[in-house]
Amino acid sequence: MTKKSGKMDRNNIGKWFKSPGNMGQKYSLHALYFCTGCGIIEIPPTITTRWDAERFGVIPVATPRQANLFLITGYVSVKTLRYIIRSYEQMPEPKYTVGFGSCPINGGMYWDSYNTIKHLDKYIPVDGWIAGCMPRPEAVFVAVTHLWTLIDKGMATGYLKYREHYAKYRRNQEKILGELEWPPLFSKEEENEKSREKVAG
Amino acid sequence: MKNPGKKLQDELRSMFESISTEGDGENRMTVKCRKEAVITMLSFLKKTGFDHLALISCVDRLNDNVLELVYILSSYGGDVAMQKLNILLKTTIPRENPQFYTATEIFGNASPYERELHELYGILFRGHPRLTPLFLEREYDIPPFRKDFDTRKYVKDVFDQIPFVDDKKGRT
């Protein structure tokens, strides 16, 4: 076992030299302990002794300002969406979002609910989904290892897309929540996007 | 006392007109009464020993065109037989422009239940100290827990109208 893991480490040396930043980020994911919906019941056993998420470098933190992994655990009501957006905007970049359970994907069993948003990726960018109702804690680790692959290949770029298409996201957020009480995160992006569209069109 | 419900039934019948009671009186007793008698009956039941208001619930009876209010009472004081008994006090109010008197004077914990019913069924509780929004973030034309609120249509009109944020490479 030790021999095998030693071999793996030597294989990774190339990656460490190539992009040390990526390697550092992927092995220290700080998950935001944000209780959305019923999926949060899976998170305490995941982060504590039974499944011990720290083996994968995932550790829960108290505030969004210290986090870079956002697990949306379960259905998102309109009221929760407001605080999800606020928390997401407070997280430092690079930040990764994972939708946990079938409800953030397409509404799940709340598909005809009057107060639950159906597609989370209309409001904030999502890097990966875990399907299931509920997913087991093992699924969190599968998601984390997939996220490692995405970070390695430079595909986990949700936060860059949020920067780029901020005006569209903000428009969607205001459609559902009405007037937002906080100022736009990227104030000049809207003009930039319009000018980009003019050049492209 | 073996069956507290029987004695209570007789007492209620002697005190209030036009009420009907159901149930065996051991575990659950349903009392239906006119809406004028509800507040009096709640204070009478509280004095009798049913000092805990567990829930105020509402049923939308679309066919009868009424809203049915259900006050669920139980007892912490009294003897063991009485503690086993739950009382469901039911009354009906008209569906159009529904109004009712608040029970907060008798049971203080009626306040959040009445705020909830105000929000989800549109019932105006007169005399309530603070009838402000409790749960909902958006405003609805019809209160969303009423039977004539079409959730499917609402989802199509509101949530499905919001576009996906598309990239040139595809959906983000």
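This is a predicted model: local features need pLDDT of at least 70, side-chain atom pairs count only at pLDDT 80 or more; totals for chains, interfaces and linings use all residues.
Residues are numbered from 1 along each chain as its sequence is written, chains are lettered from A in the order in which they are written, and side-chain values use heavy atoms, without hydrogens and water.

**Interface**

- A:Lys79, A:Tyr114 and A:Lys122 supply 32% of the area that chain A buries against chain B, more than any other three residues.
- In contact (heavy atoms within 4.5 Å) are 25 residues of chain A and 26 residues of chain B.

**Nonpolar core**

- The largest nonpolar core has 96 residues, and B:Tyr71 and B:Ile123 touch the most other members.
- Such a core is a set of buried Ala, Val, Leu, Ile, Met, Phe, Trp, Tyr and Cys residues joined through side-chain atoms within 4.5 Å, where buried means under 20% relative accessible area (1.4 Å probe, protein chains only).
- Leaving aside neighbours within four places in sequence, B:Tyr71 is in contact with residues including B:Val38, B:Leu42, B:Phe100 and B:Phe125.

**Helix pair in chain B**

- Helices (DSSP runs of H or I, at least four residues, numbered from the N terminus) H1 (residues 4-15) and H2 (residues 38-48) of chain B have axes 12 Å apart.
- B:Leu8, B:Glu11, B:Leu12 and B:Met15 in H1(B) meet B:Met41, B:Phe44, B:Leu45 and B:Thr48 in H2(B).

Terms used. Axes are lines fitted to C-alpha atoms, for helices over the stretch in contact, and angles run from 0 to 180 degrees between N-to-C directions. Helices (H or I, at least four residues) and strands (E, at least two) are DSSP runs, numbered from the N terminus. Buried means under 20% relative accessible area, exposed over 50%, partly exposed in between (1.4 Å probe, protein chains only). Buried area is the accessible area (1.4 Å probe) that two parts lose on being put together, summed over both.
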